[in-house]
Amino acid sequence: MNSTPTFISTGQRSIEDLFAHGISKPTAGHRAVNFRLNAPYVQMYDIVKRFPGVLACDHVDFDVRRGEVHALLGENGAGKSTLMKVLYGLYQPEGGRILRDGAEVTIHSPTDAIHQGIGMIHQHFMLVDTLTVTENVALGLKSSRGLLLDLDRVEDGIRELSEAYGLQIDPRAPVWTLSVGERQRVEIMKALYRGAALLILDEPTAVLTPQEVEELFVTLSYMKENGYSLVFISHKLQEVLAVSDRITVMREGRRVGTVSTKEMTRNELVRMMVGRDIILEQTRDEVEVGDVRLRLQNVSARGVTGQQALRDVSLSVKSGEILGVAGISGNGQRELAEVVAGLRPHSGGSVEMDEVTINDWTTARRTESGLAYIPEERMHDGIVRDFAVSENLVLQEHTREPFSHGIFLAFEYIARYSRKLIQDFYIKTPDIRTMTRNLSGGNIQRLIVARELSRQPKVLVAAQPTRGIDIGAIEYIYSQILEQRDRGAAILLISEDLDELLALCDRIAVIFEGTIMDVLDRNETTAEELGLLMAGVDPANQEGAQAGVPAGAQA
Amino acid sequence: MTDELFTISTLIGILHSCVRLATPYLFASLGETFGQRSGVLNLGVDGIMLMGAFFAFYVVFEGHNLWVGVLAAIVVGMLMGLLKAFVSVTMQALQGISGIGLYLFGLGLSSLLFKTLIGSVEGVSGFRQVGIPFVSDLPGIGHIFFNHNALVYLAYIMVPVSWFVINRTTLGLKIRAVGHNPEAADTLGVSVNGVRYATMMIGGALAGVAGASLSIGLQNVFQENMTNGLGFIAVALVYFGSWRTVGVLAGSLLFSLVNALQLWVQALGIPVPSEVAVMMPYVMTIVVLAFTARQIQKPAALARSYERGE
């Protein structure tokens, strides 16, 4: 049973080779990057931004032209968002210059940026959801009536822009009633209304369904044709290749290079991004599927705010099988994971592990009986941030021999055990006594994975296990999940990343508004089909299901 | 004897008191509404009221015009609001604790100033009842609603004014945004701290007037701790009113009604222990807060200080 990831080498071409075909090298000084086509609209030179202990932007150059989509590609923590937050005035750089149309400008605040025609669509939408669309757009603007609001005029303006750019929004709707796609349109509207000529989109597709992504790309290409400059921040290669004209790759705060999209392949980009080859497609060995290990029968549960979050959910996972749960965030995934982990009471149905009903078992008893849980909110639910690494590693087992004797902790054993896990799971930490909050996201996730998987669980619930972590850690976590499967664990993998689900799972269930829409075999489905189901549309029975579809999910 | 409570004239008397006694509740809780809508919980209202009450009284006691007294209360209230803003907005101290600090500061300072500058309990002639022409002659209703002093009328005028400011002005939009999602407001160039300073000063001014309405409007004396925790009830009223001006109005009237009843029960000599009667508004506060747990309208960023960053 060979389950280690295989690396396919694309040939040892160095970054220098890549520069050979039409790729501009990072300029050391203040020399403009020469492209004949269009003059740059905004240029950033030699930007330096430091955070305590980190050089987030290390003398970075960047430029964007009129009528182009310039993608900013890099792993989490590569400095992409920081660079753009400097441009938007949210951060003050320690060094560097910003030019617009060749003239130097100073941007000390978002207000300055807006005056310079720069707008930003943040990764987490910056909307006040108790206010209406119009109020959100009007916020912070000078009113034509002085101290009084002029919402009717703003509303007219929104309607005009809506028509001009095909951005469908109801100006009077309170934002909390809108779908994610609609909220993004409100964000774009906010920037357009303020007269932005340059729009920075920070990971705009992270929260969208595949269909909404396509709609966004149509909007972007339309804006591009109208002379808008667009900066597209992403770590998703396919999207960057699909939507951009040029790509700037960043790694560890430095600019690796700026390239023309047409001349790049996926593998070349990965090499620029990571500095080595990475293959996320894992080799999957066929594994004998065993008995049902985890079964949910007609489970219903309420969410945090008391809404019905799960309705009659029935799922079963067998030994040696990975069952994926696809869905847009907030459709009951979190509640599903918590019900199985014993963190949330369910109002109906039953949860069984190895054919034993565990409805009223505490989380501790479930854990002891072989359930492992990798929670979605790793910083809140996965670790205690102000605990040492070793303390977090023994959180579950610290009351048992040999981790403790009676009421006393066995420090020496815990230390030895922690060092072993740190080594086995490649957790990068200065020391076992380091505060866990000081580790990177990827290393915190490795820590949680180490704690959960070292117990050789029978059932593993992994909720968004790779969200927001670096590609190296993702690769490692994939291999670990597959190893657990091969060992015979039953795995429930909850994810919003369809590529991830299609790569790892044997079967994929799609959840929408707390209901399981369908459970599909990985070999018999496509991302498109899953995407439709995620939006609440049953592809097999389109007319029947349309009524339940939120407006934003429709074309 | 309880029959006396149900005669028409007693009823009119009670309702008249109710409308009148709502004045300090209204000023203070409307002021607190501004603060809370912008995300700042000010538990120091009572302290600000005491300071406002003292300065208004002192200015009038020294022979100045009543309106000068009100102005003094506004200025002192704004200064107290400024102090609260500095501590909780700029220095980002925990809002609850710093509010209690502000209360104790106001309580102590107003008592000290009272002892050194005045010394004994004195009276002044405060705002007088002014019947509004024509309508004040209406039977019953005229006395209940249109026969009060200027500060009472002003308190009720402040209800639509506050509503208008919060819902129809650019400042109001900023206040609502900052209280619910300060990050979003910041990215649009709204100064989160600036807005919060403004609401703390508006709230302080209104709390100051609330104090003045006691010392030169309703009671016309100053005593140490004369508010008896009224400022805390005002904070509770904002929760009770779900952060809406009309809800705050309803809450103020309900509490002043209980207060008025309590006073009339005592005045009529109905055999209820006076302690029990005096307790009623406070018991009400607890009961009301326990049963108004629905906090859908609650500003999401309430009592959270804002710091830009990742």
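Predicted model: local features only at pLDDT ≥ 70, side-chain atom pairs only at ≥ 80, totals over all residues.

Tutor: Residues are numbered from 1 along each chain as its sequence is written, while chains are lettered from A and ligands numbered from 1 in the order in which they are written.

Around the pocket there are 21 lining residues. Nearest its centre lie Thr130(A), Arg37(B), Arg176(B), Arg244(B) and Gln297(B). In chain B, helix 6 (150–168), helix 7 (170–180) and helix 11 (245–267) each give two or more residues to the lining; helices are DSSP runs of H or I with at least four residues, and strands are runs of E with at least two. Helix 6 of chain B has the largest share, with four residues.

Let us follow helix 11 of chain B, where Gln266(B) is found. The side chain of Gln266(B) is joined to that of Gln262(B) by a polar contact of 2.6 Å. Beyond the neighbours within four places in sequence, Gln266(B) is in contact (heavy atoms within 4.5 Å) with Ser274(B), Ala277(B) and Val278(B). For the pair Gln266(B) and Val278(B), the separation is twelve residues in sequence and 9.3 Å in space, from C-alpha to C-alpha.

The pocket has Thr130(A) as well as chain B residues near its centre, which brings us to the meeting of the two chains. Chain A puts 28 residues into the contact and chain B puts in 22. Together the chains bury about 2,000 Å² (accessible area lost on being put together, with a 1.4 Å probe, summed over both), and 66% of that is on carbon and sulfur atoms. On the chain B side, Leu173(B), Thr187(B) and Leu188(B) lose the most area to chain A, together 33% of what that side buries.

Leu188(B) turns up again in the largest cavity, as one of the residues nearest its centre, along with Tyr88(A), Gly119(A), Met120(A) and Ala191(A). In a cavity, a 1.4 Å probe fits but cannot get out. This one is lined by 17 residues and has a volume of about 120 Å³. Strand 6 (118–121) and helix 6 (180–193) of chain A are the elements that give two or more residues to that lining, and strand 6 of chain A supplies the largest share, four residues.

A search of the whole structure finds three cavities of 30 Å³ or more. Helix 1 (8–37) and helix 9 (192–218) of chain B each supply at least two residues to its lining. Among the residues that line the second largest cavity are Ala28(B), Glu32(B), Asn42(B), Met200(B) and Ala207(B).

Notes
Heavy atoms only, no water. 1 Å grid on protein atoms, 1.4 Å probe; cavity = no way out; pocket = protein on both sides within 12 Å on 5 of 7 lines; lining within 4 Å. Points joined across faces, edges and corners; volume = space filled by probe spheres on them. Buried area = accessible area lost by both parts, 1.4 Å probe. Polar contact = N/O pair within 3.5 Å; in protein donor to acceptor, adjacent residues only side chain to side chain.
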